[in-house]
Amino acid sequence: MISLFALILGFLLDLCFGDPHWMPHPIRLIGWLIQKLERLLRRLFPKTEKGELWAGGALVVAVLSVSVSVPVLLLLLANWVSPWLRLILETMMCYQLLATKCLKDESMKVYHKLAKGDIPGARHMLSMIVGRDTELLQADGIARAAVETVAENTSDGVIAPLLFMTVGGAPLGFFYKAVNTMDSMVGYKNEKYLYLGRCAARLDDLLNFVPARLSAWLMILSARMNGMDARNAGRIYRRDRRNHESPNSAHTEAVCAGALRVQLAGDAWYFGVLHHKKTIGDALRPIEAQDIIRANQLMMGTAFLALLLCSAVKGAVLALIFLLF
């Protein structure tokens, strides 16, 4: 029951306060740990394909061991002192594992620059939240990249952590976020990380399989609630949900593209290299800065629906356990 209350309170805290830059954040600590361990493991393992695969596996095991055991021990200690202290601590953990307000705030910075006609400023703000090269993007490309980021991160920044915390409280949430952070840092298909990052990337694909698909269906419902084109969202989802190298990334992007009646994805530059990518959605109208606001409306609606679903399921399970035992 404590974990359910912590989840709901953490969600509300995230909506109110987001991610203040002055506040120490556990995900930054996990990122620091990944960097340090990567350097150590590269020295310990042979610089061969097999050696880097083993190093990548060791990285995943080490990072997950620390990322899960620390919150478990802290929660056990807090519960030993007082259940109220555990509730406060787990609430703070759940709060810091979610990125709803942060995602909205950072993408809206891009929107405000575009609304003022400040293209260089919009490029800079966009570069803070995407991995692609932004120097040559014009207004439509900037808006498209921001919308894609909001749509994709609706799943792995909001819905997936909610689902994992529903099942296993904050510790399982940290398990998910540690994998997701490793994937974002070492899960690249380039010369440096092709083998070392493979284990993290494959595990991230596995963990996001259900959340990505559930997020898509919740987003279709959110589109209907927000007065957007839910029918087209469903159509584009069924048609284009596989138009991405990742087995999960295109699901929410396809729904968003259909709901907004725009076309997303397509070719993009990363680290000076042009990557040819399939498009998602139909260009029924030109994309515009206002679509960043609409994408955030979809994201917020999806987040609230997911919280209601998770709370109802967890509450029902707890009630059943109480009745049986």
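Analyst: Helices (H or I, at least four residues) and strands (E, at least two) are DSSP runs, numbered from the N terminus. This is a predicted model, in which local features need pLDDT of at least 70 and side-chain atom pairs count only at pLDDT 80 or more, while totals for chains, interfaces and linings use all residues. Residues are numbered from 1 along each chain as its sequence is written, and side-chain values use heavy atoms, with hydrogens and water left out.

User: How should I read phi, and what is the value for Ala265?

Analyst: Most residues other than glycine have a negative phi. Ala265 lies in strand β1, and its phi is positive, near 65°. Ala265 is buried, at 15% relative accessibility (buried is under 20% relative accessible area, exposed over 50%, partly exposed in between, with a 1.4 Å probe and protein chains only).

User: Where is Arg261 placed, and is Arg261 buried or partly exposed?

Analyst: Arg261 sits in the loop between α11 and β1. Its relative accessible area is 35%, which makes Arg261 partly exposed. Phi of Arg261 is also positive, near 65°.

User: How do I read the length of a helix, and what does α3 reach?

Analyst: The expected span is 1.5 Å times one less than the number of residues. With 33 residues, α3 reaches 49 Å from its first C-alpha to its last, close to the 48 Å expected.

User: Which residues of α3 are buried?

Analyst: In a helix, residues three or four places apart point the same way, because there are 3.6 residues a turn. The buried residues of α3 include Glu52, Ala55, Leu59, Val63, Ser67, Pro71, Leu75 and Ala78. Helices α2, α4, α7 and α8 (198-207) are what the buried residues of α3 pack against.

User: Which residues have the most contacts inside the largest nonpolar core?

Analyst: A nonpolar core is a set of buried Ala, Val, Leu, Ile, Met, Phe, Trp, Tyr and Cys residues joined through side-chain atoms within 4.5 Å. The largest core here has 88 residues, and Leu59, Val63, Leu162 and Met182 have the most contacts inside it. Helix α7 gives the largest share of this core, 21 residues.

User: What is Met182 in contact with, leaving aside its neighbours within four places in sequence?

Analyst: Contact means heavy atoms within 4.5 Å. With those neighbours left aside, Met182 is in contact with Ile34, Leu59, Val60, Val63, Leu64, Gly187 and Ala200.
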